[in-house]
Amino acid sequence: VSKNPALLGSNFETNTKPTLDATREYLDLSEEELRKIVLRIPSLVNYNFERNILRTLLALQEHLELSDAELKKVMIRMPSIVGMRFDDNLKPTLDAIQNHLNLSKSELRKMVLIIPAVMAYSFDNNIQPKLNWLQTTFHLDQNQLCHVVQRQSMLLNASLNNTLIPNLEFWKECFTRDYNHQCSDDDALAEIIRLPRQMTQSHQRLRKRAALFDAHGIPNRFLWGRAEYTDEKLNVWISKFVSKNSDGIVDKAIF
């Protein structure tokens with residue numbers, strides 16, 4: 001109610017309940033799935049199902065050629081789409097992404113299913129700066145840029161200033177320091193863009209894990225390719241690594 005005080009002026013039986021029932025029935029949602037959606041976007045109960053919610057869902061499903069199951073998946077992961085106008089908000093971003101990255105309809109659909117939030121981003125203010133940074137930083141031509149983003153679309157979901165840029169500097173510093181400055185910037189960049197997902201991890205989490213490696217005397221370069229491990233999996237790996245190299249760290253090259 002604190003997030004949506006308009007509920008207090010709405011009649012549950014004549015306004016709220018019909019919208020909830022229609023949304024649940026149309027998307028074949030369980031009670032729990034509907035509850036999670038409402039908690040994420042309480043204003044949903046204020047919308048008219050046919051005039052607002054249904055129009056957006058039908059337009060999105062037709063545009064991306066989504067199956068009913070895929071539409072449900074997108075709605076659960078990004079329920080805020082029901083508060084957007086397809087032609088004014090969603091379609092311009094989808095069209096800009098598709099055109100700039102030369103995506104087929106199938107490739108665009110795959111990207112949206114992986115990161116539905118990309119539809120809500122401003123292309124000019126959010127997505128385009130990331131694409132420009134990737135292309136300039138890693139010296140990519142247009143085809144290479146398209147390939148990298150299609151292969152790792154999570155790059156578009158990461159913050160440029162809070163994640164991508166600081167993580168790039170972390171990995172470059174890591175490789176350079178651990179290899180006594182014998183690893184060039186070009187070598188580091190080539191390896192980083194080979195596994196671009198490593199740049200999308202939380203920078204704060206990455207630093208904490210680097211500190212954990214330092215505490216065990218493990219060079220940070222061994223975190224490469226393991227940054228996305230769960231805490232449990234990473235702790236198991238650390239234990240095995242320390243046990244195998246109890247007499248001294250084995251110099252295992254990355255490049």
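Visitor: What makes up the protein, in helices and strands?

Guide: The protein has 12 helices and 0 strands, where helices (H or I, at least four residues) and strands (E, at least two) are DSSP runs numbered from the N terminus. This is a predicted model, in which local features need pLDDT of at least 70, side-chain atom pairs count only at pLDDT 80 or more, and totals for chains, interfaces and linings use all residues. Residues are numbered from 1 along each chain as its sequence is written, and side-chain values use heavy atoms, with hydrogens and water left out.

Visitor: Why is Cys146 called buried?

Guide: Buried means under 20% relative accessible area, exposed over 50%, and partly exposed in between (1.4 Å probe, protein chains only). Cys146 has a relative accessible area of 7%, so Cys146 is buried. Cys174, at 1% relative accessibility, therefore counts as buried too. Of the 255 residues of the protein, 45% count as buried.

Visitor: How many disulfides does the structure hold?

Guide: The structure holds 0 disulfides, a disulfide being a pair of cysteine sulfur atoms within 2.5 Å.

Visitor: Why is His100 called partly exposed?

Guide: His100 has 25% relative accessibility, so His100 counts as partly exposed. His100 is found in helix 5.

Visitor: Which residues is His100 in contact with, leaving aside its neighbours within four places in sequence?

Guide: They are Phe123, Gln128, Leu131, Gln142, Leu145 and Cys146, where contact means heavy atoms within 4.5 Å. His100 and Gln128 are 28 residues apart along the chain, and their C-alpha atoms are separated by 9.0 Å. Among contacts in the protein between residues at least 6 apart in sequence, 68% join residues at least 24 apart.

Visitor: What makes a space a pocket?

Guide: On a 1 Å grid over the protein atoms alone, a pocket is an open set of points with protein on both sides within 12 Å along at least five of seven lines, whereas a cavity is a set where a 1.4 Å probe fits but cannot get out. The largest pocket has a volume of about 260 Å³, a volume being the space filled by probe spheres set on grid points joined across faces, edges and corners.

Visitor: What lines the largest pocket?

Guide: Lining residues have an atom within 4 Å of a point, and for the largest pocket they include Tyr47, Arg51, Met84 and Asp87. Helix 3 (49-64) and helix 5 (86-101) each supply at least two residues of this lining, and the largest share, 5 residues, comes from helix 3.
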